[in-house]
Amino acid sequence: MIPAMDLHLLRSPPGVRFFRRHPSPAPLRRRFFTVSSILPFAKEKAKYHIELEAAVELVERACSLCIDVQRSLLSDGRILEKNDQTPVTVADFGVQALVSLELGKLFPSIPLVAEEDSGFLQSQNLVDLVVSAVSDKTSFHEESFSHADVLEAIDRGERTEFGTKPATYWILDPIDGTRGFVNGSKASYVVGLSLVVEGEIMLGVMGCPNWVVDTSHRSITGVQGYKNSSPGLGIIMVAHVDCGTWTKRLRHMLDSSFKPSSDWTRCFVDGCSLVHKANFCIPDSQAWESLPLSVFYDATTNDNDDIRDKEIRLLPFCCGSLCKYLMVASGGASVFILEVKPERVTKAWDHAAGMICVHEAGGKVTDWEGSELDLAADQVKRRIIYPAGGVLVTNGKIHQQIVEMISSSSTVVRH
């Protein structure tokens, strides 16, 4: 039973599905509503507004930590590599330690599921750097964090074990798209945090420090896709069940002279209803030719309207699954499709925050067979998901058509 101090974490009614179904917004190309507040909606509309406020604050501070560490690491070249050859930095561990420490203070009864463990950090003698980065961003300035405190906070994310019953827990991806982190302004990376309550994702927050937002809030694109704006402007995207998906500029900007607006802008998926007119995102590690839709369409990265028959536009957007979820939720892309490789494990933190942002923006997320993703499939750790074939993220309007095309692709002769 959750202690009284976590007043907002009450049991959901029996039989509630992982995501509540609600009508998609009318098929407009883009719609925006702007409000000015700590949260983008009235608190009484959001059952978990206290948790969401904490998550927004933590993700913003985590993004600030990333910017500071990135500057330092890119100046002296201290980039690490994990055993799976994914570049990882002090910021990865610093964000996990910061978020774990703060959530442990605010919501001590709620466990954390997260990516990193401290073993690698200790083996590289980098604990001092992480402690320094965390101490600079924590809200508990009067406290001095020891090595043991930070290591314990990092390991908290991987030691929790669950059972078969629906569980309540946070999911954190400290840096999704670490290659984007290493490459600086050439690609994007995301800090993702979500809250699962009794098996249902209730809120999600994604912060992207090197996203670009235009000053009119009328378009949201990746760094590579928007050339007429100041470099390095970041955004934060939030979603709460039944309250929609919203975005605003990060408070912690690379340009300290810039004063970001506190306005929130509501996001919706795009209105594309034809597969061949859709804008697609795929993982950096996968080629279009390896995906089942390639038997129906060739892919082009042309940024004009000259798309031929039997051809779709592929957005050259780099790094991380959460960045692609952010693209779909903001209307910048219509589809994100990912194939599950036998040699790679699909991790919950690469998807959870993005899933609710897309759902609340009017989109849909399933596996390639059209079934909802089950975050409880890994009953012990809640770290791994098992989507059949792969993950399909769309604006909802062309979702079923793509599922059917995937199913029939094995019987189609390649054009």
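Author: A cut-off comes first: buried means under 20% relative accessible area, exposed means over 50%, and partly exposed lies in between. The model is predicted.

Start with the record. An unreviewed UniProt entry lists E115, D173, I175, D176 and D350 under "binding site". These residues span 236 residues in sequence, yet no two of their C-alpha atoms are more than 9.9 Å apart, so they gather at one spot.

Take E115 next. E115 sits in a loop, with strand 4 (112–114) on one side and helix 3 (118–123) on the other. Its relative accessible area is 22%.

Now I175. This residue belongs to strand 5, which covers residues 169–176. I175 has 3% relative accessibility and counts as buried. Leaving aside residues up to four places away in sequence, I175 touches C66, T89, A91, D92, E115, F181, Y189 and V190. One of these contacts, E115, is also on the UniProt list with I175.

Finally, the helix. Helix 7 runs over residues 321–329 and is mostly covered, with 9 of its 9 residues buried. They are S321, L322, C323, K324, Y325, L326, M327, V328 and A329. After helix 7 comes G331, which has a positive phi, near 85°.

Key: Residues are numbered from 1 along each chain as its sequence is written. This is a predicted model: local features need pLDDT of at least 70, side-chain atom pairs count only at pLDDT 80 or more; totals for chains, interfaces and linings use all residues. Side-chain values use heavy atoms; hydrogens and water are left out. UniProt positions are given in the numbering used here, feature names are shortened, and annotations may be inferred rather than shown by experiment. Helices (H or I, at least four residues) and strands (E, at least two) are DSSP runs, numbered from the N terminus. Buried means under 20% relative accessible area, exposed over 50%, partly exposed in between (1.4 Å probe, protein chains only). Contact means heavy atoms within 4.5 Å.
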